Amino acid sequence: MARKIVRWVAIGLVAIVILAVAGAFLMPRYRTVERSVDIDAPAGDVFAVVSDLRRFNEWSPWFGRDPEATYTFTGPADGVGQTFRWESDDADVGSGSMEVASITPDDRVDIALDFADQGTAETWFTVVPEGAGSTVTWAFSTDLGFNPIGRYFGPMIDDMVGADYEAGLQKLKTLAETPPEAPDEE
């Protein structure tokens, strides 16, 4: 009798594991997060900021989280190929790189993300003129592949990334709407 119970429990556990794995593959493979903000600044001025990775830390939601983090810029000073690398021991910041993959002038910047051992993703910015101002959209997309655990965590990506994107866009708004200081004249 005990052997029968153990056998049925084992069959039940195997069935649960199979169903859990199969259920993961019914979930979306790709996850996208998108946030937007209206900015009272000309689209061209805003585009100049989001397309220049050297200016990213001026409005990054992660920059102030680890004062010990290091940042390196390589590649051209602007345009496709500019690369921004960061290294941090803080799990909230991590390590990785961003490289501008393509630019559609005054419209869109596509960036390839590499989160070191956590995988890769894509992010992009679009800047759309709205009257005298502009609307900026910051988006993130990742391929969860054939990892069933990743697919179960997929729905949480919006919560994990979305709040940071909102904070970064608010910083970008403040930066873009603040006129540059006039140089001191003597």
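Thr126 sits in strand β6, which covers residues 120-130; helices here are DSSP runs of H or I with at least four residues, strands are runs of E with at least two, and both are numbered from the N terminus. This is a predicted model, so to speak: local features need pLDDT of at least 70, side-chain atom pairs count only at pLDDT 80 or more, and totals for chains, interfaces and linings use all residues. Residues are numbered from 1 along each chain as its sequence is written, and side-chain values use heavy atoms, with hydrogens and water left out.

Back to Thr126, then. Its relative accessibility is 17%, so Thr126 counts as buried; the cut-offs are under 20% relative accessible area for buried, over 50% for exposed, and partly exposed in between, with a 1.4 Å probe and protein chains only. Which residues does Thr126 touch, leaving out those up to four places away in sequence? They are Asp107, Arg108, Thr135, Val136 and Thr137, where a contact means heavy atoms within 4.5 Å.

Leu169 lies in helix α4, and at 1% relative accessibility it counts as buried. The C-alpha atoms of Leu169 and Trp138 are 7.8 Å apart, although 31 residues separate the two along the chain.

While we are on α4, let me stay with the helix a moment. The buried residues in α4 are Ile157, Val161, Gly162, Asp164, Tyr165, Gly168, Leu169 and Leu172.

Now over to strand β2, residues 70-74, where we find Thr70. Buried or partly exposed, which is Thr70? Partly exposed, with a relative accessible area of 43%. Thr70 touches Arg85, Trp86 and Glu87, with residues up to four places away in sequence not counted. For Thr70 and Trp86, which are 16 residues apart along the chain, the C-alpha atoms are separated by 5.6 Å.

One backbone detail I'd like you to look at is Asp106. It has a positive phi of about 55 degrees although it is not a glycine. Asp106 lies in the loop between β4 (96-104) and β5 (108-114), and at 48% relative accessibility it counts as partly exposed.

Let's finish with the whole chain. The protein has 4 helices and 7 strands, and from the N terminus on the order is α-β-α-β-β-β-β-β-β-α-α. Its radius of gyration is 22 Å, well over the 16 Å that the globule rule gives for 186 residues, so the protein is more spread out than a compact globule; the radius is taken over C-alpha atoms, and the rule is 2.2 Å times the number of residues to the power 0.38. Along the principal axes, the C-alpha atoms fill a box of roughly 95 × 40 × 25 Å. Buried residues make up 36% of the 186. Among contacts between residues at least 6 apart in sequence, 53% join residues at least 24 apart.
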